[in-house]
Amino acid sequence: MYPLNTTNAGEKVFIKCLGCNCQDACRLREMGCVEGIKGKIISNNSNVVLQVGDTRLAISKKLARSILVSLN
Amino acid sequence: MKNQSLTIALVGNPNTGKSTIFNALTGLKQKVGNYPGVTVERKTGFLNLNGVQHKIIDLPGTYSLNHKKIDERIAYQTLIGEYQHEQTPDLAVLVLDATNLDRNLYLATQVMDLEIPVIVLLNMSDLAEERGIKNDADKIQKQLGVPVLPIIAKNKKDIEQVKQAIAKHDLKPPAPLRWKPEESLSNAINEITENWLKPHTNLPNRAYPIEALRLISDNQVPDDFHNHPRKEVAQEIIANAQAEIERAGKNPAAAEVMARYDFIESCTKNGSTRQDEAETTSDKIDAVVTHKVFGPILFVAILLLMFQAIFSWAEPFMNLIDLFFVHAGNTVAETLPPGILNDLLVEGVIAGLAGVIIFLPQIMFLFFFISILEGTGYMARAAFVMDGFMTRIGLHGRSVVPLISGFACAVPGIMATRTIESWSDRLITIMVLPFMACSARLPVYALMISAFVPNENVLGFISLQGLTFFGLYIFGIVMAIAAAWVMKLFYSDGSSTPFMMELPSYKMPKWSAVFYNMFERGWIFVKEAGKIIMAISVVLWFLASYPKVDVPPEIANNPATTEASFNAQQSASSYKLKHSYAGQFGRFIEPAIEPLGFDWKIGIGLLTSFAAREVMVGTLNTIYSVGEEKGSVVTLQEKLIKDKDPETGEPIFTTLSAISLMIFFALAMQCMSTLAIVRRETNSWKWPIVMFTYMTTLAYICSLVVYQGGLALGY
Ligand SMILES: Nc1nc2c(ncn2[C@@H]2O[C@H](COP(=O)(O)OP(=O)(O)OP(=O)(O)O)[C@@H](O)[C@H]2O)c(=O)[nH]1
Ligand SMILES: [Mg+2]
């Protein structure tokens with residue numbers, strides 16, 4: 001498992017664990033970023049743009065660091 | 001149900017087209033834009049169906065009922081019937097984005113749990129089809145047990161169907177969904193409901209499960225309990241409930257979400273399919289627009305282009321308007337018999353209006369650009385790209401959208417800060433937002449620049465006037481940044497939340513909406529400015545024309561060369577002006593503003609500008625029209641340049657005093673509506689007073705330093 005901010009643009013990932021504080025994790029889940037879902041990195045320049053399902057999420061670096069993903 | 005007037009709420013995720021549908025149903029013109037968080041307050045309108053009038057409520061978008069921000073709270077409270085003692089709506093129209101059903105259904109299941117009758121609309125079916133996403137509306141309808149309609153909001157026929165569905169609805173609450181919280185979670189819900197919600201809160205019954213789930217998934221007892229006398233009790237009950245879920249090996253924060261998503265998956269499995277994603281155009285654009293280096297460069301370049309365009313593209317139109325008013329003034333002056341009415345109309349009303357309306361083209365170009373930025377989906381990217389920088393200076397990525405709105409007007413900008421979660425981030429954004437150069441400052445800047453900045457090019461192609469104009473915008477931005485940075489040192493409650501935002505897919509802006517918005521805002525500008533200016537210029541004309549004094553002969557009988565007679569005219573009429581009521585008053589306050597390089601005429605202008613900034617220009621035009629010979633076609637710019645101190649013969653205005661004036665306008669808090677909205681949004685008089693004091697003091701000091709510094713350096 002890697003933190004989300006270490007991935008590269010174009011990579012496909014599985015969201016494994018939302019290690020951020022509870023409130024932020026809640027928000028992410030509501031926006032469709034739940035554990036186990038498949039995602040794609042659109043761009044990663046410290047801040048990350050992540051596509052999960054049909055949702056395109058922009059996530060700050062700090063938050064990205066606490067999201068653990070695995071490459072598939 | 002027949003012949004019953006209903007209250008119908010439009011609910012859905014942000015940016016799903018609620019306001020578009022609201023407008024189509026009610027015929028109103030709510031703001032629509034392609035980014036999350038366009039609507040931040042409730043709007044109501046009416047729909048007439050078969051002779052019955054229904055009340056339609058447009059709500060801010062929200063991802064869930066687990067509200068954290070003000071805009072989301074409004075949606076939640078409306079739905080559970082807690083909003084200003086209103087009843088729960090009779091019908092909720094759930095507007096879902098058909099290109100993203102799974103995520104949108106999450107909110108839908110929560111709303112259905114509230115036992116409100118619903119209709120589900122799968123909006124943006126055109127986009128879904130374009131992207132090869134197929135949704136089986138029938139299957140979803142069967143699973144949810146409520147009417148489900150795929151629609152395209154801008155299709156008249158589809159809106160007709162929505163109306164039919166409303167008229168046909170039986171208004172029965174939906175049957176309970178088949179999503180089941182597993183055992184430990186439902187025990188926890190019961191525990192919280194029985195031990196806390198029922199005895200200690202006065203929420204309506206239907207809200208218990210949703211509220212209980214919210215408390216379970218939130219780690220801290222939410223803010224609304226902070227002042228509750230039995231706060232500790234709540235904390236203990238919630239902690240127990242959470243512990244129970246944990247004992248069952250589940251994550252309390254995720255249990256609800258997971259269970260709902262499982263249910264949703266069962267609804268849409270084989271019901272909606274999508275082609276496997278190839279790289280789309282949006283992907284390619286985003287790779288550049290959100291790039292670490294190119295992103296910010298692009299952002300600055302777009303702003304630069306916008307300001308440059310406002311300044312140079314508007315010019316031909318401004319000349320036309322100018323010409324029109326000069327002729328109108330002369331025609332009126334010639335047709336009406338000479339006398340008070342003639343003077344009042346020509347020197348008071350027409351001059352005052354002309355001074356302001358000439359800036360209409362610039363205002364319209366500004367709104368044209370902002371509408372395009374809002375319509376394409378770029379706003380959300382701008383917020384994302386600037387987040388790193390914003391965080392460093394004490395703001396938040398989400399502050400970017402309100403700040404950009406601030407270029408148009410601080411009032412909607414301050415409203416838009418409702419999308420910022422943390423109170424300190426939001427407050428600081430509100431406090432620095434009026435530094436953004438709003439459209440009311442445009443007239444003052446444009447007047448001063450065209451009169452006192454040479455119309456030359458630097459490096460051959462960049463106009464010096466355009467550059468100064470851009471410089472003033474940058475100055476406002478820099479001051480906002482500096483102020484935010486300082487405020488962060490004093491005021492921070494450590495509640496900052498990391499940035500996350502949905503990026504909507506790019507759309508072509510709807511041109512009809514862009515042009516509508518441009519003309520609408522132009523009209524509002526004329527109407528508002530017109531109203532104030534009519535009133536002020538009439539009063540001002542009177543104050544500037546009376547009492548009529550006799551001009552001493554040594555001023556009236558100057559030698560009769562052409563040049564000198566012009567000056568003699570000038571000084572004879574300016575002598576009268578100086579001794580009028582307005583002149584006396586202006587000279588009374590002159591000592592306070594003289595160190596900034598302003599004379600008493602500017603002083604009068606400054607005073608009236610506290611009603612609204614753009615009034616300054618109308619005021620100057622009126623004052624200078626009173627003090628001039630009849631039938632003149634000289635523009636206000638020329639009058640300002642030619643104005644000389646009758647005693648010393650020195651020009652009243654220099655480039656330096658013009659700069660000082662522009663700096664004052666850039667920084668001073670001269671807008672009643674802004675103060676009123678800050679009062680409303682912060683719910684106290686403290687912050688508007690702080691805002692007025694600090695901004696106006698800063699303006700005075702900066703102008704003073706620039707003017708006196710400039711003088712000392714020999715300018
Ligand atoms: N292609 C397409 N675009 C649509 C449709 N309905 C709305 N839009 C566009 O979607 C964007 C969002 O529309 P809004 O009506 O502002 O959305 P909203 O739900 O009110 O958004 P918030 O107020 O932010 O919650 C706008 O750019 C609309 O023009 C549709 O059926 N098809
Ligand atoms: Mg809206």
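The model is predicted: local features need pLDDT of at least 70, side-chain atom pairs count only at pLDDT 80 or more, and totals for chains, interfaces and linings use all residues. Residues are numbered from 1 along each chain as written, chains are lettered from A and ligands numbered from 1 in the order written, and side-chain values use heavy atoms, with hydrogens and water left out.

**The interface**

- Chain B gives 42 residues to the contact and chain A gives 30; contact means heavy atoms within 4.5 Å.
- The two chains bury about 3,300 Å² between them, and 52% of that lies on carbon and sulfur atoms.
- B:Phe384, B:Pro498 and B:Met500 supply 19% of the area that chain B buries against chain A, more than any other three residues.
- Buried area here is the accessible area (1.4 Å probe) that two parts lose on being put together, summed over both.

- Five salt bridges cross the interface of chain B and chain A. Each is a side-chain nitrogen of Lys or Arg within 4 Å of a carboxyl oxygen of Asp or Glu.
- One salt bridge joins the side chains of A:Arg27 and B:Glu72, at 2.8 Å from N to O.

**The chain B side**

- Elements giving two or more residues to this side include helix H3 (101–113), helix H10 (252–268) and strand E11 (500–502) of chain B.
- H10(B) makes the largest share, with five residues.
- Helices (H or I, at least four residues) and strands (E, at least two) are DSSP runs, numbered from the N terminus.

**A strand pair between chains**

- Strand E5 (residues 55–59) of chain A pairs with E11(B) in the antiparallel sense, over three bridges. Strands pair if DSSP finds at least two bridges between them.
- A:Leu57 has B:Glu502 in E11(B) as its bridge partner.

- Strand E3 (residues 38–45) of chain A runs antiparallel to E4(A), joined by six bridges.
- A:Lys40 stands opposite A:Gln51 in E4(A).
- One residue lies between E3(A) and E4(A) in their hairpin, where A:Ser46 takes a positive phi near 65 degrees.
- E4(A) and E5(A) also run antiparallel, with five bridges. A:Val52 has A:Thr55 in E5(A) as its bridge partner.
- Their hairpin has two residues between the strands, and A:Gly53 takes a positive phi near 55 degrees.

**Burial of E4(A)**

- Strand E4 (residues 47–52) of chain A has six of its six residues buried, meaning under 20% relative accessible area (1.4 Å probe, protein chains only).
- A:Asn47, A:Val49 and A:Gln51 are buried on one side, and A:Val48, A:Leu50 and A:Val52 on the other.

Definitions and conventions. Buried < 20%, exposed > 50% of the residue type's maximum accessible area, 1.4 Å probe, protein only.
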